[in-house]
Amino acid sequence: MPPRSPASALAATLGLAVALVGPAQTDARVTILYETSRNHALLTGPQPDGSPGLGRDEGALQQQPAPRRLGASEQAWKVSGMGGSRATPSIVPLSGGAMAGLLAERVRRSGAHLVFLDELGSRFRGDRGHRLATAMEMLSARRSPYGDESLARRVHIYVPGVRAMIAQPQRWDGAWTALVRAGGVWIETYRGSRPWTEHQWLAWPAAFRREFARRGGDPARLHLVLTAGEQSEQWRRARTGVACEMLNNGPGAYRLGADAHDFVREYRATFATGSPACLPPPLLAPERALALAPAIGAVDRGIPLGGHRLTAPPLW
């Protein structure tokens, strides 16, 4: 997640994960709750209407480092893609081989045998991204004793800035390769504390999924992380178009604050029948579509700018 405070302080208060099993799915639906201890109680305890929260019977996992609230077999570890701390060591300065060693060690010592990279930010453009790709390739070659095809599938990665990765994928080649090999890719649908706009929701999940699949990634490993704000609106956007496919893999939550109970309410309503009722992307009114028709060709051909052409990627 984006660094809001020094890693040592963050480690003492944040880091919770819940895995929820969807009855209609072959793989478990995983929901990451990256929260304070107080909000963990709100999310997992009885809800205002008397219904249960997101509980252990649904496969709750607690991400370390954090004050332990669940059993030893329900603890998952974390490493840092930033400065790190003693409890959450950083992989940033390491070689590919050393990254692989640290990730494997954290998988082994985790009661849930999972490790999360927090997070794949701008430091992983270029060479450092290639080092992470090397680490994931090494883990892909190691058989997992935990039920997956390889140890790489025990690594999950948070992605904070999808715009840059979509706009300049060649600068992120190594990072993309690492993501394709990971067990889960968690797209943060906010910047800072501000949720994505409606236009960003309509454009970025589809563009990210397209590039991920083009490189051989399995879209079933893509997830969305929501944050504080009007939960009914965020969940409506998450159920729209391509984003809904990712939502069905399991949503995440980050620093919900006073919206923790609303997150549980929307979760229950969305997955009440097993899978979300997806909404189609909005369509333009016929008169607006006709007015835009001449511009579509210009976007496809590019607009000349002094010997260069300005083009826009498709948004669908």
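Are Trp-235 and Phe-263 buried or exposed? Trp-235 is buried, and Phe-263 is buried as well. By buried I mean under 20% relative accessible area, with exposed being over 50% and partly exposed in between, using a 1.4 Å probe and protein chains only.

Okay, some housekeeping. This is a predicted model, where local features need pLDDT of at least 70, side-chain atom pairs count only at pLDDT 80 or more, and totals for chains, interfaces and linings use all residues. Residues are numbered from 1 along each chain as its sequence is written, and side-chain values use heavy atoms, leaving out hydrogens and water.

Back to our two rings. Rings of Phe, Tyr and Trp (for Trp, the six-membered ring) pair if their centres lie within 6.5 Å; planes under 30 degrees apart are stacked, over 60 edge-to-face, and the rest tilted. There are twelve aromatic pairs in the structure. Take Trp-196 and Trp-201: they're edge-to-face, 5.3 Å centre to centre with 70 degrees between the planes. Trp-196 is buried at 3% relative accessibility, and Trp-201 is buried at 4%. As for Trp-235 and Phe-263, their ring centres are 5.3 Å apart and their planes sit at 65 degrees, so that pair is edge-to-face too.

Helices here are DSSP runs of H or I, at least four residues, and strands are runs of E, at least two, numbered from the N terminus.

So how do you describe two packed helices? You give the angle between their axes and the distance between the axes. For helix 8 and helix 10, that's about 35 degrees and 9 Å. The axes are lines fitted to C-alpha atoms over the stretch in contact, and angles run from 0 to 180 degrees between N-to-C directions. On the helix 8 side, the contact uses Gln-231, Ser-232 and Trp-235; on helix 10, the residues include Phe-263, Arg-265 and Tyr-267. Contact means heavy atoms within 4.5 Å.

Gly-229 is in the loop between strand 11 (222-227) and helix 8. At 23% relative accessibility, Gly-229 counts as partly exposed. Leaving aside neighbours within four places in sequence, Gly-229 touches Gln-234 and Asp-259. And Gly-229 and Arg-255, 26 residues apart in sequence, are 10.0 Å apart in space, C-alpha to C-alpha.
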